Amino acid sequence: MKATIISDKDFQTDLFRNLFEKIIVYFDSKGIETKTISIGRNDLAFCMGCFGCWVKKPGECVMNDMMSQINRNFINSDVVVYLSPVIFGQFSANIKNAIDRWLPNILPFFIKRPDDSTMHPSRYKQYPYVIVVGYGEDISDEDAQLFIDITKKHRNNTEVLIYKGDDEDISQELDKITLRKAGGYL
Amino acid sequence: MKNIILIDSSPKINEKSVSGYLIEKAARRIDDQTANKNFINIRQSFTGHKIQEDYKILINADAVIIAFPLYIFCLPGILMRFLQDYYQFYLENKTKSTNPKVYALVNCGFPEPEINLEAVRVIGSFCRHVNANFRFGIMIGCGGMLLGAEGKPVIKKAVEKLDNAFAEIANDIQNNDTEKKYNILVETMNFPEWIFRFLMNKFGWASNAKKNRLKKKDLYRGPYLL
């Protein structure tokens with residue numbers, strides 16, 4: 001089983017290092033091969049909303065930077081973990097850039113999901129199971145809930161955890177997740 | 001004279017954007033006699049290296065209107081970078097902050113305007129961090145219609161509703177009302193969603209692909225799978 005861990009190079013605090021180590025050790029104990037990718041502020045261009053990844057170069061971003069490596073790793077992983085500081089209840093800018101530019105991995109068309117919401121269909125038959133961990137020492141309850149809502153409300157096959165430094169919690173929470181490749185239902 | 005900052009947060013480069021359209025329309029509703037309007041285009045701020053200059057304008061604002069598109073169910077990275085860095089600027093200059101009123105104009109590509117809610121909440125959280133007074137958001141479904149069908153009867157009702165919403169912002173900026181305001185939802189389509197999906201799926205994307213000398217089947221490529 002392969003996992004990719006995507007983190008923010010600009011927020012590698014003591015808390016982050018502790019979290020990162022816990023996850024690496026956890027995956028190691030499960031025999032999961034782990035690749036880590038750390039994103040700095042100059043590593044990724046901002047998505048420019050051109051839709052070139054849908055109608056010019058389908059499945060690939062038209063900008064040539066670290067994102068093609070991230071997307072390739074994403075699609076070929078069984079599990080992807082985003083480690084993001086919680087900022088205003090959302091992902092940090094570096095992590096959000098990676099999430100915005102994940103767009104090539106879905107198709108442009110529109111579908112209706114069983115809950116009546118609109119979505120784009122999957123480009124691939126299989127996607128990794130996604131775990132998003134929001135971290136920070138002083139995350140308010142309101143921001144934590146917002147981070148959970150942003151991550152969970154519109155996505156399937158995704159788990160979200162909030163980490164404020166409690167190691168026991170993070171291991172217990174990871175234990176509850178069945179690590180596996182998810183299907184194509186986004 | 002109120003100092004009002006209107007921020008166009010579209011990540012697009014040299015391309016007309018819905019956020020730009022919304023900012024222009026919102027600005028028209030604000031009376032020049034009572035307000036001094038300043039415009040910030042985030043993309044141009046980054047490319048023109050005038051972020052610090054814009055932050056100095058922002059910290060003196062009485063009211064801020066932020067327009068942006070919804071990217072993967074939340075704020076686009078470019079706006080997160082702008083706000084995240086502004087927060088650092090604010091911490092170093094907080095004595096100068098004027099506790100401005102803040103409004104969010106969010107548009108998404110899907111028909112349902114309510115999916116913009118979390119993005120509006122992020123602006124609310126940003127306001128709590130920088131001691132600003134978040135007032136309310138305008139959440140727009142299928143925002144692209146505002147440009148794609150500009151001037152056409154199909155979006156007439158939506159344009160009227162938007163105009164009223166902008167009037168509400170202009171009024172709220174000028175009065176001392178502290179009562180909580182509700183977000184305003186604007187649906188741009190006056191026809192069933194399935195028609196929108198049918199037209200886009202059958203003709204919309206394929207026609208765009210054709211312009212790039214691609215066939216519809218090319219749109220399904222899966223280049224990253226090893």
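In this predicted model, 42 residues of chain B are in contact with 40 residues of chain A, where two residues count as in contact if their C-beta atoms, placed from the backbone, lie within 7 Å. On the side of chain B that touches chain A, the elements that give two or more residues are helix 4 (77-93), helix 5 (117-129) and helix 8 (193-211) of chain B; helices (H or I, at least four residues) and strands (E, at least two) are DSSP runs, numbered from the N terminus. The residues on this side of chain B divide into 26 nonpolar, eight polar and eight charged, with Ala, Val, Leu, Ile, Met, Phe, Trp, Tyr, Cys and Pro counted as nonpolar, Asp, Glu, Lys and Arg as charged, and the others, Gly among them, as polar.

Residues are numbered from 1 along each chain as its sequence is written, while chains are lettered from A and ligands numbered from 1 in the order in which they are written. Because the model is predicted, local features need pLDDT of at least 70 and side-chain atom pairs count only at pLDDT 80 or more, whereas totals for chains, interfaces and linings use all residues.

Chain B contains eight helices and six strands, which follow one another from the N terminus in the order β-α-β-α-α-β-α-β-α-β-α-α-β-α. Its radius of gyration is 19 Å, close to the 17 Å that the globule rule gives for 226 residues, so chain B is as compact as a globular protein of that length; the radius is taken over C-alpha atoms, and the rule is 2.2 Å times the number of residues to the power 0.38. Along the principal axes, the C-alpha atoms of chain B fill a box of roughly 60 × 45 × 25 Å. Of the contacts in chain B with a separation of 6 or more, 80% are between residues 24 or more positions apart.

An automatic or database domain assignment divides chain B into domain 1 (2-190) and domain 2 (192-226), and the C-alpha centres of these two domains of chain B lie 31 Å apart.

Of the 226 residues of chain B, 42% count as buried; a residue is buried if 20 or more other C-beta atoms lie within 10 Å of its own, exposed if 12 or fewer, and partly exposed in between, the C-beta atoms being placed from the backbone. The largest nonpolar core has 113 residues, and those with the most contacts inside it are V81(A), I65(B), I66(B), L105(B) and V106(B). Such a core is a set of buried Ala, Val, Leu, Ile, Met, Phe, Trp, Tyr and Cys residues joined through C-beta atoms within 7 Å. Helix 7 (residues 156-174) of chain B gives the largest share of this core, seven residues, and domain 1 (2-190) and domain 2 (192-226) of chain B both give residues to the core, so it lies between them. Leaving aside residues up to four places away in sequence, L105(B) touches L22(B), A26(B), I65(B), I66(B), A67(B) and I138(B).

Two loop residues of chain B deserve a look for their backbone angles. N99(B), in the loop between helix 4 and strand 4 (101-107) of chain B, has a positive phi of about 50° although it is not a glycine, and N99(B) is exposed, with 12 other C-beta atoms within 10 Å. C142(B), in the loop between strand 5 (133-141) and helix 6 (144-148) of chain B, has a positive phi near 50° and is likewise a residue other than glycine, but C142(B) counts as buried, with 26 C-beta neighbours inside 10 Å.

Turning to chain A, there are six helices and eight strands, arranged from the N terminus as β-α-β-α-α-β-α-β-β-β-α-β-α-β. The radius of gyration of chain A is 16 Å, which agrees with the value near 16 Å that a compact globule of 186 residues would have, and its C-alpha atoms fill a box of roughly 45 × 35 × 35 Å along the principal axes. Buried residues make up 43% of the 186 residues in chain A.

Six of the seven residues of strand 1 of chain A are buried, so this strand is largely enclosed by the rest of the structure. Seven bridges join strand 1 of chain A to strand 2 of chain A, and the two run parallel; strands pair if DSSP finds at least two bridges between them. In helix 3 (residues 67-75) of chain A, M67(A), I70(A), N71(A), N73(A), F74(A) and I75(A) are buried, and what covers the buried residues of this helix includes strand 1 (2-8), strand 2 (33-39), strand 3 (79-85), helix 4 (93-100) and strand 6 (127-135) of chain A.
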